[in-house]
Amino acid sequence: MSFHAIGDLAQFMTKRRHSATLQLQIGRLSQELSTGKASDVTRSQNASFGYLADVEHQIVLNSAFNAAAKEASIQASAMQSVLDLVQTKVTEMSDTALLAGHGLNGPALANASATARGALDSIVAALNTSVAGRPVFGGTNLNRAPLVSSDDLIDAIISTTSLASDAASVIAAIDNFFDTPGGDFDTNIYVGGDQDFSAFQLGAGESVRLSIRADDDALKAVLKDMAIAAIAGDPSLSLSRDERLSLLHTAGNAMMSSVDGVIQIRSDLGAAEARIDQSVARIGAERSSLTITQNELTSVDLFETATALEQAQLQLETIYTLTARTSRLNLANFL
């Protein structure tokens with residue numbers, strides 16, 4: 001009768017290898033049990049990464065769309081706040097200019113003109129608003145505010161109207177200043193970009209373009225009307241009091257119409273804001289769904305993992321017990 005025996009050194013090396021394997025397995029199973037995630041995704045996916053890779057790619061895209069939607073929301077909110085200020089200033093100034101222009105018991109000419117100048121300062125400053133270092137109403141020119149200062153604007157208008165002898169001539173000169181394509185306003189006052197900023201991509205084929213610039217016709221009308229009222233009391237103009245009151249009256253009437261243009265812009269912007277809000281909700285739902293799917297693909301069964309961990313620990317304890325007993329064997333005990 002013959003038998004095969006394993007030598008002491010071979011036995012030691014075999015037990016050592018089994019012990020090391022079990023220790024690695026226990027470490028891996030302990031990590032998976034504590035995190036709920038598979039430590040070896042290749043093994044958990046059976047080396048088939050197509051679906052998981054697509055899900056992770058969609059998560060990256062979703063994050064980009066979420067960032068774009070938040071940026072669009074911030075910019076639209078800033079635009080709406082500025083336009084609300086513009087609408088309020090024009091509405092208030094319209095009443096003030098009409099009262100002064102009719103010569104009723106309203107504000108005096110100088111007071112009305114000074115009020116218009118203050119409103120113009122506020123409007124120009126608001127239209128030069130920047131968000132995160134980017135001018136909101138400047139189109140593609142991101143390096144500077146879209147409008148020169150209100151002081152520069154008034155100086156340019158006064159220079160343009162210096163030879164005017166009556167209210168009609170002043171208004172004609174200012175109309176030409178603002179409304180001529182490529183004229184003084186487009187060349188010297190509006191210094192922003194001549195192209196709209198690119199649309200925000202919101203995913204699912206959805207995009208939104210916030211293309212309001214400071215040279216928009218409705219905003220130019222506001223600036224023009226406010227400038228007429230502001231220079232009505234300027235002493236450099238060679239106009240009679242009646243002519244100056246006529247300027248205020250004309251500006252007040254024009255403001256009643258120009259405020260409608262601002263309201264229309266705000267309405268269009270409100271529709272864009274609604275689309276952005278809908279996109280934010282959709283992107284959030286998609287992100288939740290993708291995250292759940294990713295977790296399902298990379299997670300482990302906690303019950304199976306706990307059972308496997310317990311078995312590995314039991315096997316390791318068995319090896320330690322056998323090793324301890326073997327180490328106590330000697331010829332005296334055997335005999």
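**Entry 1. Salt bridges in total**

I began with the salt bridges and counted 11 of them. I note that the structure is a predicted model. I then looked up several pairs in turn.

**Entry 2. R266 and D84**

I looked up R266 and found that its salt-bridge partner is D84. The closest N and O atoms of this pair lie 3.2 Å apart. I recorded that the two residues belong to distant parts of the chain, 182 residues apart. R266 sits in helix α9 (residues 241–298), and D84 sits in helix α3 (residues 50–101). For D84 I noted a relative accessible area of 36%, so this residue is partly exposed.

**Entry 3. E206 and R275**

I next examined E206, which forms a salt bridge with R275 at 3.0 Å between the closest N and O atoms. E206 is partly exposed, with a relative accessible area of 26%. R275 is likewise partly exposed, at 34%.

**Entry 4**

I turned to R117 and found a salt bridge to D121, with 3.4 Å between the closest N and O atoms. Both residues lie in helix α4 (residues 109–127); they are four residues apart, so about one helical turn separates them. I listed R117 as partly exposed, with a relative accessible area of 24%. D121 is partly exposed too, at 30% relative accessibility. I also noted that R117, D121 and D151 are linked in a network of salt bridges.

**Entry 5. Helices α5 and α8**

I then looked at how helices pack. Helix α5 (residues 150–160) meets helix α8 (residues 217–231) at an angle of about 70°, and their axes are 11 Å apart. The two helices are therefore roughly perpendicular to each other. On the α5 side I listed I154, I157 and I158, and on the α8 side A227, A230 and I231. By class, I recorded six nonpolar residues in this contact, with no polar and no charged ones.

**Entry 6. Helices α6 and α8**

Finally, I looked up helix α6 (residues 167–179), which packs with α8 at an angle of about 150°, the axes being 10 Å apart. I noted the crossing of α6 and α8 as right-handed. From α6 the contact takes V170, I171, I174, D175, F178 and D179. From α8 it takes K220, L223, K224, A227, I228 and I231. I sorted the residues of this contact into eight nonpolar, no polar and four charged.

Technical notes: Residues numbered from 1 in each chain as written. Predicted model: local features only at pLDDT ≥ 70, side-chain atom pairs only at ≥ 80, totals over all residues. Heavy atoms only, no water. Axes fitted to C-alpha atoms, helices over the stretch in contact; angles between N-to-C directions. Parallel < 35°, antiparallel > 145°, perpendicular 65-115°, else oblique. Contact = heavy atoms within 4.5 Å. Nonpolar A, V, L, I, M, F, W, Y, C, P; charged D, E, K, R; others polar. Left-handed = near helix turned anticlockwise from the far one by under 90°. Salt bridge = Lys/Arg side-chain N within 4 Å of Asp/Glu carboxyl O. Buried < 20%, exposed > 50% of the residue type's maximum accessible area, 1.4 Å probe, protein only.
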